[in-house]
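Let's take a walk through this model together. Keep the sequence and the 3D view open side by side as you read.

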Amino acid sequence: MAIAYVLHKAPFVFPIIGGRKVEHLHANIEALNISLSPEQIGFLESVVPFDAGFPGNMIVSLHIFRTVKLPIVNLCF
């Protein structure tokens, strides 16, 4: 299912398929023939929010840190 999803999301994707067993290779090759409808892709994308991971989440965190206006605290007594 993951291979079919990736193939539908980008036009020039060439997945590297493999596995530890011949059965895995056969299953991956069969996945190349799966066709997903727009509704199925929408459902897959709605199940869990997308996390870009590193370094994407670090870049977003730095942007938020720089744009948030924090109050200045005077620590002098």
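The protein averages a pLDDT of 75, and 69% of its residues score at least 70. This is a predicted model, in which local features need pLDDT of at least 70 and side-chain atom pairs count only at pLDDT 80 or more, while totals for chains, interfaces and linings use all residues. Residues are numbered from 1 along each chain as its sequence is written, and side-chain values use heavy atoms, with hydrogens and water left out.

Now for the overall plan. The protein has 4 helices and 0 strands; here helices (H or I, at least four residues) and strands (E, at least two) are DSSP runs, numbered from the N terminus. Followed along the sequence, the pattern reads α-α-α-α. Which elements have the lowest and the highest mean pLDDT? The lowest mean belongs to α4, at 58, and the highest to α3, at 88. Where pLDDT is low, the predicted coordinates should not be read in detail.

Next, consider what is covered and what is open. A residue is called buried under 20% relative accessible area, exposed over 50%, and partly exposed in between (1.4 Å probe, protein chains only). Of the 77 residues in the protein, 9% are buried. The accessible surface comes to about 7,200 Å², and 68% of that belongs to carbon and sulfur atoms; such areas come from the Shrake-Rupley method with a 1.4 Å probe, and for residues only the protein chains shown count as cover.

Let's step inside at Asn 28, in helix α2 (residues 22-31). Is Asn 28 buried or exposed? Its relative accessibility is 18%, so Asn 28 counts as buried. Contact means heavy atoms within 4.5 Å, and leaving aside neighbours within four places in sequence, Asn 28 is in contact with Ile 3, Ile 17 and Gly 18. Ile 29, also found in helix α2, is partly exposed because its relative accessible area is 42%. The C-alpha atoms of Ile 29 and Ile 3 are separated by 9.4 Å, with the two residues 26 apart along the chain.

Met 1 sits in the segment before α1, and its C-alpha atom is 6.5 Å from that of Ala 31, 30 residues apart along the chain. Ala 2, in helix α1 (residues 2-9), counts as exposed because its relative accessibility is 57%. The C-alpha atoms of Ala 2 and Leu 44, 42 residues apart along the chain, are separated by 9.9 Å. Pro 38 lies in helix α3 and is exposed, with a relative accessible area of 65%; its C-alpha atom is 9.3 Å from that of His 8, 30 residues apart along the chain. For the protein as a whole, among contacts between residues at least 6 apart in sequence, 58% join residues at least 24 apart.

Met 1, Ile 34, Phe 43, Leu 44, Val 47 and Val 48 make a nonpolar surface patch of about 570 Å². Patches are made of residues with over 30% relative accessible area and no salt bridge, with like charges joined within 9 Å and nonpolar side chains (Val, Leu, Ile, Met, Phe, Trp, Tyr) within 5 Å. A salt bridge is a side-chain nitrogen of Lys or Arg within 4 Å of a carboxyl oxygen of Asp or Glu. Val 48, in the loop between α3 (38-47) and α4 (56-67), counts as exposed at 57% relative accessibility.

How values were computed: pLDDT = per-residue confidence, 0-100.
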